[in-house]
Amino acid sequence: MTHAYAALTPDVVLDACTAAGLRADGRLLPLNSYENRVYQVWLEDGSARVLKFYRPGRWTAQQIEEEHAFARELADREIPVVAPVYTGTHAGFLFALYPRRGGRAPNLDDPKTLEWIGRFIGRIHAVGALTPFKSRPSLDVESFGNEPRAFLLSSGLVPGDLVDAWKAVTEQALAGVKRCYQTAGEVRAIRLHGDCHPGNILWTEEGPHFVDLDDARMGPAVQDLWMLLSGERAAMSLQFSHVLAGYEDFAELDRRELYLVEALRTLRLIHYSAWIARRWDDPAFPTAFPWFNTQRYWQDRILELREQIALMEEEPLHA
């Protein structure tokens, strides 16, 4: 079966640029993106723009507009988020046009960098807490844990001799996730960036700016913070203290959310495997993730989830 993106030819990309009111000079460069298709396009005046073509069927037009409205709301408050300047449909594809913004990866070993990033996430969350999304989904145990697990068990992609072990470890892991949520209690859900890992933060001399709100959704504030942390528990606690030093200049973190850090990491692990599995018919995915369809991948995931089960039993990070 031909994948939907097969119809996204260079001519379609350039014609979409024209539909957005800009004159391309014929040059385009595919950028690193798997969920969507993203291109840098050069214009006749020598400048460049970025065109993002949304994966068909993933988001509705209304959900995409909510993402864009959130990005514009943040940009209007001078929060450094790259917002689209045009949204449209061309050749059956929903697409958006963005200004081109460069930058490098942030140095997360620098406490000042962590604090700086924390300040801007705090500003994002101060705005995100004002009103909820109406059509975009929430990050919860059902959508990031139970449903992806059920999909993977029915997909046939888990090797047969590992199905029982993977089924058992995911069941135990999700039980641990639910205990963490019960311990945390009713924490507030706000509008989030949703995928605030270091690859979505670009650094310039003026500081960080945030890109790719494609995964924006409702959820606990700590979801946008824990992906900045790495290393052993003591190292992560120290990193977290630097992030919060900046974050809490603009937003207060409910300390009960610290019980959710390892639970959210566990949900992401299960959801990530299901994300790849759902996209396996896209030719870009077997090429980009050749290790996914191997025995070793699933063995490693079983071990990783066992580690997460143990971590969820420990005391949460200190902040």
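I'll go through ring pairs, then a cluster, then charges over rings.

Keep in mind that this is a predicted model. Searching the whole structure turns up 20 aromatic pairs. Take Tyr86 and Phe95 to begin with. Their rings are tilted, with 40 degrees between the planes and 5.8 Å centre to centre. Are these two residues buried or exposed? Tyr86 is partly exposed, at 29% relative accessible area. Phe95 is buried, at 1%.

Next pair: Trp116 and Trp203. This one is edge-to-face. The planes are 85 degrees apart, and the centres are separated by 5.0 Å. Where do the two residues lie? Trp116 is in helix α3, residues 111-128, and Trp203 is in strand β7, residues 201-204. The pair therefore ties together parts that are 87 residues apart in sequence. On accessibility, Trp116 is partly exposed, with 27% relative accessible area. Trp203 is buried, with 9%. The cut-off for buried is under 20%, so Trp203 falls below it.

Now the cluster. Which residues do ring pairs link together? The members are Tyr34, Trp166, Tyr272, Trp275, Trp280, Phe285, Phe289, Trp291, Phe292, Tyr297 and Trp298.

Hold on to Tyr297. That cluster member also has a charge over its ring: the charged end of Arg301, 4.6 Å from the centre. There is another arginine to look at. Arg136 lies over the face of Trp59, 4.0 Å from the ring centre.

That's the tour. Questions, please.

Definitions and conventions:
Residues are numbered from 1 along each chain as its sequence is written. This is a predicted model: local features need pLDDT of at least 70, side-chain atom pairs count only at pLDDT 80 or more; totals for chains, interfaces and linings use all residues. Side-chain values use heavy atoms; hydrogens and water are left out. Rings of Phe, Tyr and Trp (its six-membered ring) pair if their centres lie within 6.5 Å; planes under 30 degrees apart count as stacked, over 60 as edge-to-face and the rest as tilted. Buried means under 20% relative accessible area, exposed over 50%, partly exposed in between (1.4 Å probe, protein chains only). Helices (H or I, at least four residues) and strands (E, at least two) are DSSP runs, numbered from the N terminus. A charge sits over a ring if NZ of Lys or CZ of Arg is within 6 Å of the ring centre and within 35 degrees of the ring normal.
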